[in-house]
Amino acid sequence: MNVETPNYALRSDDRNQLFDPIANELLSTRSMQRLAHIGFLGAIDHFRRGNGKEPHRRKHNRLEHSVGVALLAQRFALSAEISQMDRLKLLAASLLHDIGHGPLSHTLEPVFEEALGIDHHRATRSIVLGNSILGTEILDILKRHQLDPEEIMDLIDSRYDGSFGYLFSGKINLDTLEGITRCRAIVGRRPAFGTALSVVERWAQSGQSKLPKADFDEFWKLKHNVYALLINSPTGLVMDTVAQAWARTNLAQLDTLDFFMDERQLRKKYPELFLLINLAASDRGSLITRLPAKWLNAEVQARRRRYYVDESVDLISLTDMTLRYKHKKNSWTVSLGELLGGV
């Protein structure tokens, strides 16, 4: 089948280019539409005011990311000419891989996990298998297309031992290719290393015997820059810490059902949380006057990650990825007050 897919625009309207009927069925469900109102990065998403259409001037959401991963899966499937059933498996797993993310994404997830034992992995499983408050829509669609929901979950959880499982479990995979490329677009105007679609197409055409080393090397360096400039930035750490401090102070109010809300619903229920997040993004002086002294004095773990390519290891097979693409991380203790004064 020869179906053209667009240049990768990082926009939600790319969903129109997913041609398999299962894609539109899944995207029309309540569970998937919920992701349109969950930010891609968590609290740091609120640093963007949404004052333009360009990627670096607007907020991104988990639905856009999921559609982006599905577009990569579709391009791989078409370029590698895999079977229709394998293509449907990849497409379904791509669209559903983040369906369990809670509001404010990775920012609040550590608190929900510590206090209530819920995270996006457990929530994804409950949604896909029809055991959540969001109902059985996803499960019904998978069964209608003769897809085994447990097999889809194995793909998502990197446990799949069938064909193309490496597209989800490898050190470089469809999820990270999309996510890191999107993050780089958020940072600023300068283009990223290319398009994730073109990399995936070369990967599919090369098979497992000759991987696109130059593309993967450049991507790994891009990942280093994204973590330095955005994910582990001082601004991101401040906003995450303020949101988590609020959540830990108000644990008695939180419940598991909150995790299945979107951010509009959470904002309506807990307006003070979002007020603090917005102050952390725009008015640090006012934020400091509102925060309890114990929050300002509380110690938090700052982290730095370094991603690098080990040139001594050649990239011949998939197993070489772990050896060639490495990272180191170090952490140190700092108070929230120090962070606010130093940002």
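The side chains of arginine 75 and glutamate 201 meet in a salt bridge, with 3.1 Å from N to O; the term denotes a side-chain nitrogen of Lys or Arg within 4 Å of a carboxyl oxygen of Asp or Glu. Because arginine 75 lies in helix 3 and glutamate 201 in helix 11 (residues 196–206), the pair ties together parts that are 126 residues apart in sequence. Arginine 75 counts as buried, at 12% relative accessibility, whereas glutamate 201 is partly exposed, with a relative accessible area of 27%. Here buried means under 20% relative accessible area, exposed over 50%, and partly exposed in between (1.4 Å probe, protein chains only).

The model is predicted, so local features need pLDDT of at least 70 and side-chain atom pairs count only at pLDDT 80 or more, while totals for chains, interfaces and linings use all residues. Residues are numbered from 1 along each chain as its sequence is written, and side-chain values use heavy atoms, with hydrogens and water left out.

The chain as a whole may be considered next. There are 20 helices and two strands in the chain; helices (H or I, at least four residues) and strands (E, at least two) are DSSP runs, numbered from the N terminus. Of the 343 residues, 55% are buried. The accessible surface of the chain comes to about 15200 Å², and 48% of that surface belongs to carbon and sulfur atoms; such areas come from the Shrake-Rupley method with a 1.4 Å probe, and for residues only the protein chains shown count as cover. When contacts (heavy atoms within 4.5 Å) are taken between residues at least 6 apart in sequence, 75% of them join residues at least 24 apart.

In soluble globular proteins, nonpolar side chains tend to be buried together. The largest nonpolar core of this model has 110 residues, and those with the most contacts inside this core are Leu96, Trp203 and Leu273. Such a core is a set of buried Ala, Val, Leu, Ile, Met, Phe, Trp, Tyr and Cys residues joined through side-chain atoms within 4.5 Å. Helix 3 (residues 62–80) supplies the largest share of this core, nine residues. Leucine 273 touches Leu104, Leu108, Ala243, Trp246 and Leu266, when residues up to four places away in sequence are not counted.

A polar atom of the side chain of threonine 124 lies 3.0 Å from the backbone nitrogen of glycine 100. Leaving aside residues up to four places away in sequence, threonine 124 touches Leu96, His97, Asp98, Ile99, Gly100, Met153 and Ile156.

The charged pairs complete the account. The count of salt bridges comes to 21. One of these joins the side chains of glutamate 151 and lysine 89, at 3.4 Å from N to O. This pair links distant parts of the chain, glutamate 151 in helix 8 (residues 149–156) and lysine 89 in helix 4 (residues 84–96), 62 residues apart. Glutamate 151 is partly exposed, with a relative accessible area of 23%, while lysine 89 counts as buried at 12% relative accessibility. Asp86, Lys89 and Glu151 are linked in a network of salt bridges. Another salt bridge brings together the side chains of arginine 122 and glutamate 113, at 3.8 Å from N to O. Arginine 122 is partly exposed, with a relative accessible area of 44%, and glutamate 113 is partly exposed, with 37%.

How values were computed:
Polar contact = N/O pair within 3.5 Å; in protein donor to acceptor, adjacent residues only side chain to side chain.
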